[in-house]
Structure formats: C-alpha cells, structure tokens
Amino acid sequence: MDAIILQVLNGLDKGSAYALIALGLTLIFGTLGVVNFAHGAIFMLGAFCAVTLQRILSLSYTVVDETRTDFLGNPLKVDVPYVEGWFGEATGQAIIEWSVPLAILFAIPVMLLIGFIMERGLIKHFYKRPHADQILVTFGLAIVLQELIKYFFGANPIPTPAPDAFTGSFDFGAMIGFAENAIIYPYWRMIYFVFALVIIGAVFAFLQFTTFGMVVRAGMADRETVGMLGINIDRKFTIMFGIAAAVAGLAGVMYTPINSPNYHMGMDFLVLSFVVVVVGGMGSLPGAVLAGFMLGILEAFASMNWIKDILPGIDQIIIYLVAIVILLTRPRGLMGRKGVMEE
Amino acid sequence: MFGLSKKDTTFLLIVCFLTLATPILLQPFPEGSAGATFNAGYPDLMQRFAIFGIFAIGFNILFGLTGYLSFGHAAFLGVGSYSVVWMYKLLDYNVIPGLLLAIVTSAIFALAIGYVSLRRTGIYFSILTLAFAQMSFNLAYSVLTPLTNGETGLQVYTDDPQILMGENSPTSPHLFGLVMRDSVQIDIGGWLFTFNIGYYFCAVIAILAFYLSLRIFRSPFGMMLRAIKTNQTRLNYTGLNSRPYTLAAFVISGMYAGLAGGLMAAMDPLAGAERMQWTASGEVVLMTILGGAGTLMGPILGAGFIKYFENIFSKINDNMLHQWFGWMPDGMEDALIFISHFFVGKSWHLTLGLLFMLVVIFLPGGLVEGGQRIARWVRGRRKKGSGDDPEHHPKPAPHVAE
C-alpha cells in the first residue's frame with residue numbers, strides 16, 4: 001500500500017507539469033484553433049524568468065572591507081548584492097534565497113506580454129492557414145526562442161535552488177498513519193503539486209464564474225455567433241493566449257528547483273505534452289488535466305523495479321504506448337468533444 | 001528515354017550532371033584564398049548532401065504527395081544504420097548486404113508503423129508517428145542495448161565474427177574492394193578537387209532514388225496520392241479505398257529513409273540512437289518545407305541548403321568577421337560583429353529557425369516557389385503575358401495535412 005502511494009506521489013510532480021502545459025495547449029487550441037508547437041518553449045521561457053530574476057537580484061557592487069585583509073595585506077574587496085545594500089543584510093539574503101517563489105510575480109506580467117506579442121505578431125496570421133502550417137511556423141519559433149536562450153544563458157543547466165525552508169524531504173507516511181520512513185517525499189514536489197492544483201483551479205474558476213470566461217466559453221463553442229452579438233471575440237482570445245502562456249510560464253518557474261533549467265527542456269516536455277493533449281482529447285480542458293496526471297502517475301508506476309523486471313524498458317515507452325492504444329481505440333481521446341479536429 | 005517525357009529526361013540529365021560534377025562545382029575558390037571557407041567540395045559534406053537528399057526525396061513522396069506529415073521518419077534512418085553495422089559485424093565490410101538489409105528492415109518497420117498510424121489523419125497521424133519514433137529511440141537507448149549498444153553506439157569490434165572477412169579484405173566500408181574513404185585529389189592551378197569514392201557511391205544511389213521518385217511523381221500511382229492530398233473524402237466517395245495507396249507511399253518513403261540511414265553507416269561505420277531522436281525527424285521536415293514540399297527539386301535543394309549553411313555558418317569565427325568588416329568605421333564594425341554573433345558559429349540554428357519561419361510565412365512553396373516567382377517576374381518584364389509554365393515540375397500546391 002505504501003509503495004503504491006509513494007508511486008502516485010512520485011508521479012504527481014511530473015504529472016502536474018504535463019497537466020499545466022497541456023492545459024495551456026488546449027486553451028490555445030480550443031479558443032484560437034491553433035496547434036502551438038512553441039508551447040514547450042514558453043514553458044522554458046518561464047523557467048528562465050526565474051533564472052533572470054535570480055541574476056537580477058544577485059547583481060552586486062564591490063565595496064572595500066577595511067576590517068578584513070587578503071593574504072597580501074591589502075583591504076579585501078567584497079561583492080555586496082544591491083538588495084543587501086538597500087534592505088540590510090538579513091532581508092537581502094532572504095530575498096535572494098526566495099528568488100524562485102518571487103519569480104512568480106515577475107513571470108506573470110512577462111509571460112502575459114510574451115503571449116500577447118506572439119499572438120498579435122505571428123499566430124494571428126495563421127488562423128486560416130492549415131494546421132500543418134501552424135505546426136511548422138510554431139516549430140520554427142520554438143527553435144528561435146531556444147537558440148536565443150542558449151545564446152544568452154549558455155548550454156549548461158543553471159541550478160536555481162528552492163528556498164532553504166523547502167529543501168529536503170518530509171515523512172509523508174507518518175503524517176497519514178503509515179510506518180515511519182515508509183513514504184519520504186521532498187517538500188518542493190508537494191508544493192509544486194499544490195501550486196499546480198491552485199493554478200488549474202483558478203483557470204477553471206475564471207472560465208466558469210466570470211463574465212469574461214463565459215464569453216470565452218461561448219466563443220469556443222460558436223465563434224461566429226458570439227461575434228454577431230457585437231462582442232470583440234478576437235481580443236478576448238488574445239487575452240486567453242496570454243493566460244495560456246502565463247500558465248505554462250508559471251509551470252516553468254516552479255519547475256526550476258526540481259530540474260535545473262536548460263535551453264532544451266521545453267522540447268523535452270513539448271512532445272510529451274502533445275501526447276497528453278491528444279490522449280485527453282483535443283479541445284477538452286478537463287481531459288488535458290486528467291490525462292496529464294494520469295500519464296505522470298503511470299510513468300511513475302512503470303519505473304518501479306518489479307514491473308521493470310517483468311517488462312524491461314516499459315518505463316521508457318509507457319506514455320507513448322498508452323497514447324497509441326487510446327488513439328486507436330478512442331480516436332477522440334478520453335474526453336474529446338465531437339467534431340473537434342476530425343478529418 | 002527511360003520512360004520519361006522529353007522535358008523530364010533533360011531534367012534528369014541536368015540533375016545527373018550537377019550531382020556528378022559536385023566536387024568541381026562546389027570548389028569555386030582556390031585553396032588559401034579568402035573565399036576558401038565557402039568551398040564545400042570536401043567528401044564528408046558532399047556525402048551528407050547526397051544522403052540527406054535521398055532522405056528528403058523519400059520524405060517528400062509521403063508528405064509532398066499525400067500531405068501526411070510524419071514526425072517520426074528518423075526511426076527508419078536509425079534502423080537502416082543499425083542494419084548496416086550489423087552486417088559489418090556478421091559478414092564483412094562490404095556495404096551491399098548491409099544496404100539491402102537496411103531497405104528490407106526499414107520496409108518492415110514502415111509497414112508495421114504505417115499500418116497502425118495511417119488509421120488516423122492530420123495531427124493524430126503526426127503524433128502517432130512521433131510516438132512510435134520516440135519509442136524506438138527510448139528502447140534503442142535502454143532495453144535493446146544488446147542489439148544497439150545503447151549510448152556508446154553500435155560499432156565493429158575485433159572479436160566480431162565477420163565470417164566473410166578474408167586475408168586482404170579492407171578494414172573499412174567498401175564496395176567489392178573499392179574503399180569508401182579513398183579519394184583522388186587533383187590540383188589544378190591552386191584549385192584542389194577531391195573525387196571521393198564514397199561520395200560517388202552515394203551520388204549514383206541518389207540519382208537512382210531521384211529517378212524513381214520522378215517516375216512515381218509522373219505515374220498513375222502518384223496521381224492517386226495527389227488526389228488523396230487534395231480531397232480524401234471525395235476519393236472515398238468514388239469507391240476507392242485510399243489506405244493501400246497511403247500505406248504504399250509510407251513504406252516507400254520509409255525505405256528511402258532506411259537507405260539514407262544505411263548510407264550514413266556505409267560512410268562511417270557507426271550507428272547511434274540519437275539518429276532516431278525526433279529532432280532528426282524535424283530536420284527532414286525542415287529540409288522538405290524549406291526547399292518546397294510536393295516539388296521534385298525542392299527536397300534536394302532544401303537538404304543541400306541546410307547542410308551547406310550548417311557547415312559554413314558554424315565555421316565562421318571572430319577573426320573572419322573582423323576581416324570582412326574591417327574596412328568599416330570602428331563603431332559600425334563592432335556593432336555588425338555583435339549582431340552577426342547571433343547568427344553564425346554555434347548560433348547557426350537561430351538563423352535556420354528564422355529562415356524557416358520566413359519561408360513558412362511568406363513562401364509556402366519553399367525555395368522552388370521563390371525561384372519560380374523570380375523567374376516569372378523576370379519573364380513578365382521581358383515579355384508580357386506568356387501563359388504557360390515552362391518549369392518542369394508541377395506547381396506546388398499548398399501542403400495541407402488534413
């Protein structure tokens with residue numbers, strides 16, 4: 001039993017990332033009808049928002065510390081980050097340490113802006129073009145974004161640690177009544193999962209309970225009629241594109257302590273997220289979330305040792321295998337709507 | 001001639017000439033001159049032109065004619081490479097048995113993958129092929145290590161059986177004794193021309209592959225494939241089952257990819273799993289679109305273009321930039337060099353991505369369409385209103401996946 005719970009937990013963090021990216025992909029596809037191959041790159045940009053903020057906060061000036069000397073007897077020069085100079089040493093260090101959570105605030109406007117620019121500048125011109133063209137142009141865009149990041153940040157992964165308070169693990173099993181040390185789980189992964197739930201909940205609530213969301217949902221169902229009612233549906237959809245970009249960006253920001261970001265992390269996630277979207281059903285938001293968590297957890301189960309002994313290599317291919325089976329038996333995916341992307 | 005119309009025959013002969021004369025044509029600058037960096041007449045690069053040309057021609061038979069966008073063609077490339085290296089290990093370094101096996105195994109793979117994937121169209125087809133290719137890649141990396149040698153890559157070791165290996169057999173890939181890496185170098189007044197056996201081997205195969213694709217394009221079968229791209233539903237209504245045709249196209253293009261993969265191993269006796277990764281599939285998509293999908297010349301142009309600039313752009317370094325821009329005022333020179341940094345050297349992929357986006361946005365027919373537009377513009381200025389299209393290939397139809 002505890003082994004099962006452990007695997008479910010292990011699948012949750014990756015599942016959360018899949019679910020968040022797939023949610024954004026589905027939002028874009030459901031509203032604009034565009035297949036966005038650059039969404040993985042947006043996830044990566046989000047992660048690099050965290051890196052950028054960390055760099056900005058660590059910007060330093062040099063002061064000469066008269067009290068200490070180096071080995072030649074000259075006064076020692078120390079780098080002091082500006083934030084420490086402004087807010088005092090303790091507060092300053094705390095701010096730098098908390099750069100990843102702070103990056104959430106930084107990433108939201110940045111990612112919204114990037115989303116707007118992408119939509120108005122490029123995607124807008126591809127509404128009427130075939131899906132193959134959309135895939136190709138966004139694929140090109142993904143390469144460009146990736147190479148820009150590589151140019152500015154280098155090809156190596158950049159470690160961005162979580163705040164000290166959240167590093168390390170805790171005994172989850174003992175908390176829910178199992179033997180001690182049976183289920184050990186890192187804090188940050190738990191936080192990532194909760195964070196993903198909050199974001200997903202927020203997006204759904206936004207679509208379900210606000211007038212704006214209602215209009216967007218109406219537009220997804222029948223764009224033309226909504227347009228005839230005198231509503232500028234294009235602008236609302238542009239905003240939804242920005243929101244989708246922000247969701248993927250936040251997923252990236254929070255993912256940085258789990259995996260140090262590098263420039264091709266987006267591509268790695270993109271392929272899997274597309275599989276997730278297709279399994280969940282093109283255009284279905286709950287389907288995307290469900291499939292994301294499901295595939296994450298399945299992947300975790302498949303990497304258990306005794307399963308790998310029976311079916312060697314299953315952990316490598318389980319997601320693709322599930323995708324193939326589902327696509328062949330249920331072409332619309334788990335929760336796909338009728339008539340979306342069929343022939 | 002060759003069962004082709006007169007126009008196509010001339011076209012084929014031109015392609016033959018260009019391919020066979022490549023070692024001379026791509027060496028326009030004498031050794032040691034400032035332009036020598038732009039020479040591409042060395043064996044390694046020319047072999048890649050031919051091999052990726054074959055790969056792209058094959059991909060074009062599927063994507064260009066039927067409109068099915070496969071994102072998993074690299075799997076066949078990898079399978080082809082592994083087959084050839086296995087033949088080296090078991091028999092000897094002769095490339096012929098390996099290449100035959102490569103074509104056969106990739107055909108079997110393509111048949112299996114195509115049979116399943118072609119049940120869906122559009123993006124679902126793309127995702128299915130992608131899933132199969134990634135599965136092959138992951139398996140080749142992990143469980144199939146006895147067969148693929150995992151991360152190290154498959155290569156020939158001294159304790160391999162190599163049962164046909166005689167006393168005097170060459171110890172690198174050869175064609176009945178003609179060693180692939182041998183070349184003849186001729187120096188004519190400062191121009192150094194390298195005639196490499198491996199390149200000519202690839203080139204002859206590439207010409208055959210091109211001839212075959214030309215025949216397919218002109219055949220009733222090719223017509224049927226175009227009909228599938230234009231309107232599959234209507235085709236079904238006329239009482240035709242389109243599945244066998246698409247499957248045949250898929251298998252043929254898979255065999256081309258297997259052949260290309262096999263040739264890679266024939267030039268360099270190594271096979272690694274990274275050849276199967278989806279970025280490799282993406283590359284052939286880039287080549288085909290950049291050149292012009294659905295046209296005969298397009299994929300070859302695209303493959304040559306990408307491979308050429310990949311090599312040249314990544315060679316350019318700071319010293320050369322300083323040389324080129326040295327005549328400018330200082331500030332301007334620095335600014336230009338700073339900007340160029342984004343596009344040359346290791347950042348060459350950025351240039352590729354931008355170029356690709358521009359082509360998709362403004363020139364959906366690829367470089368071939370660009371050439372046609374220029375040709376039409378020039379002709380339009382010379383003589384107004386000449387109606388027919390003198391180009392030897394069909395007009396590129398918009399490439400639709402659905």
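At what angle do helix α5 and helix α6 of chain B pack? The angle is about 145°, and the two axes sit 10 Å apart. Keep in mind that this is a predicted model.

**The α5/α6 pair in chain B**
- Helix α5(B) covers residues 95–117, and helix α6(B) covers residues 122–141.
- The crossing of α5(B) past α6(B) is right-handed.
- On the α5(B) side, the residues that meet α6(B) are B:Ile113, B:Val116 and B:Ser117.
- Their partners in α6(B) are B:Phe125, B:Leu128, B:Thr129 and B:Phe132.
- Sorted by type, the residues of this contact come out as five nonpolar, two polar and no charged.

**Where chain A meets chain B**
- Chain A puts 31 residues into the contact, and chain B puts in 38 residues.
- On the chain A side, at least two residues each come from α6 (131–153), α12 (265–280) and α15 (314–329).
- The biggest giver on that side is α6(A), with 13 residues.

**A:Leu250**
- You'll find A:Leu250 in helix α11 of chain A, which runs over residues 233–255.
- A:Leu250 has 25 other C-beta atoms within 10 Å, so it counts as buried, the cut-off being 20 or more.
- Leaving out residues up to four places away in sequence, A:Leu250 touches A:Gly46, A:Ile104, A:Ala107 and A:Ile199.
- A:Trp86 is 164 residues away from A:Leu250 along the chain, and their C-alpha atoms are 28 Å apart.

Technical notes. Residues are numbered from 1 along each chain as its sequence is written. Chains are lettered from A and ligands numbered from 1 in the order in which they are written. This is a predicted model: local features need pLDDT of at least 70, side-chain atom pairs count only at pLDDT 80 or more; totals for chains, interfaces and linings use all residues. Two residues are in contact if their C-beta atoms, placed from the backbone, lie within 7 Å. Helices (H or I, at least four residues) and strands (E, at least two) are DSSP runs, numbered from the N terminus. Axes are lines fitted to C-alpha atoms, for helices over the stretch in contact, and angles run from 0 to 180 degrees between N-to-C directions. A crossing is left-handed if the near helix is turned anticlockwise from the far one by less than a right angle, and right-handed if clockwise. Ala, Val, Leu, Ile, Met, Phe, Trp, Tyr, Cys and Pro count as nonpolar, Asp, Glu, Lys and Arg as charged, and the others, Gly among them, as polar. A residue is buried if 20 or more other C-beta atoms lie within 10 Å of its own, exposed if 12 or fewer, and partly exposed in between; C-beta atoms are placed from the backbone.
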